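Thanks for coming. Please have a look at the model on the screen, and then I will go through a few places in it.

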Amino acid sequence: MNDNLKSFLSVLALVALGALGTWWWYDNMELRWQSRRHISEAAMKDRMLAATLLLRRNGRVVDGAGSLGELVLPKVAGGTMILSGASGTALPGQAQEMLDWVRRGNTLIAEPRSLTSAEKAALAALEPASDDEKDDEEDDEADATDKPASVPASAPGKAEARKEDEDEDEDEDLPPGKPAPASSFAAAADGDPLTDRYGARVRRDAKACRCRTQPAEADKDKPEAIAAARRERDKTVSRLTLPGKTYALELDGDMEELVSLPGATAPLWSDDDGGAVRVYREGKGQVVLLTTDYFNNYQLDERDHGELLLALTELAPGRHVTIVRNLNVLPWYKALWRNYSLFLVSLAVGLALMFWAAVRRFGPIVPAPKAERRSLLEHIDASGAWLWKADGGRQVLLEAARDDTLALIRRRAPALFRMPESELWAILARDCALLDADVIEALQQDAASHVTRFTRQIRTLQELRNHYER
């Protein structure tokens, strides 16, 4: 090998080594943008924030309430009410008020409570599933795939459909007597007064539980494991065709499904197997029962949950949407104010008046005065004080003093009263060394309302009297 070939191969190896080092640097050392799921503080405080923003962007007027007790239900605007993630916690009175509100042509979206032990036993008696039947279902894939499509949209659910197919075996599986209707379960201590009337409950979806809808922890970053989990999760998806629509919405039940109790009410319409959404007629309005809270911040972006929310709010003519985040009972002070506000206001006013009366009499009570005869001067002083405050009392005092003074002057100097009044007032002022205006004000004008002027009128009359008494 000559030197030129060696040099060429050395340069080629150096170039390849440099390219490999450059690729390793950019792949491992350079900063790159990665998308990460971030939940804002506002979304953490309000799990219905995303639904609120979606509804407002589509022209709905949205109001929120922390609990059902904060609302005055008869005064809630017409439209749609969403009870978010609160199943089986409404009081009987609240449930009746909500149903009355729905009957006026509104829509209520709620979730029924889970099955109790007694209800599970009743459903187990109605749904016998032997190993042979399970094997037949697994062997017959065609029948299993066609079965959901054959169930009408208004079917009450898997439990009720199976019950109708096994009418002949019902007597063997059930104890003697008629099965207990759904209303009998409503009388239980843990009954739901809002949704018991429809006989719908929530239970774990056995089909979803058998599917691995999430990849294993060790394979959570592997694309093939994620794709396999997605395919398994697609098997649990419910499909709902809305009235008047030609396409189906996909809903993720989150490993839960709706089931019907014995004697349950048939829904107006529902999804393909009645396990995710059921709509019941209530007066002029509708009650929508969901298997889970599809509209919170964590599930609204899944499948077609957002479109389902908009579609359900269009069932009622009103554009107003009320979102109730909790059905918890009000704190004692809020409940007290809501039910007894008039009594509390009256009590507060009464306490304020009692406090005001006590403040006015602050200190020890003055002893009652002795019943002794008072002097004449005290009676005169009290009468003058009363006349000063009474209407027209000042004029009475002034005219009494004026008549008494003129009578005295007429007795002492009767010749003065033969003169005109203007000359008479001038002579009286000159003889007594008073101002003409003061004399005229005292003898001619009405009683002054001001204390100083009234005192000057009386003092002028007293000086005239003193002058002619000498």
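I start with D438, which touches R456 and T460, not counting residues up to four places away in sequence; contact means heavy atoms within 4.5 Å. D438 is in helix 18, residues 436-443. Helices here are DSSP runs of H or I with at least four residues, strands are runs of E with at least two, and both are numbered from the N terminus. D438 counts as buried because its relative accessibility is 19%; buried means under 20% relative accessible area, exposed over 50%, and partly exposed in between, with a 1.4 Å probe and protein chains only.

A note on the source: this is a predicted model, where local features need pLDDT of at least 70, side-chain atom pairs count only at pLDDT 80 or more, and totals for chains, interfaces and linings use all residues. Residues are numbered from 1 along each chain as its sequence is written, and side-chain values use heavy atoms, leaving out hydrogens and water.

Next, the cores. A nonpolar core is a set of buried Ala, Val, Leu, Ile, Met, Phe, Trp, Tyr and Cys residues joined through side-chain atoms within 4.5 Å. The largest one has 26 residues, and V277, Y294, F295 and L308 have the most contacts inside it. Helix 13 gives the largest share of this core, five residues. Apart from it lies another core of 22 residues, among them L83, M98, L99 and V287.

Last, is M354 buried or exposed? M354 lies in helix 14, residues 332-360, and counts as exposed because its relative accessibility is 58%.
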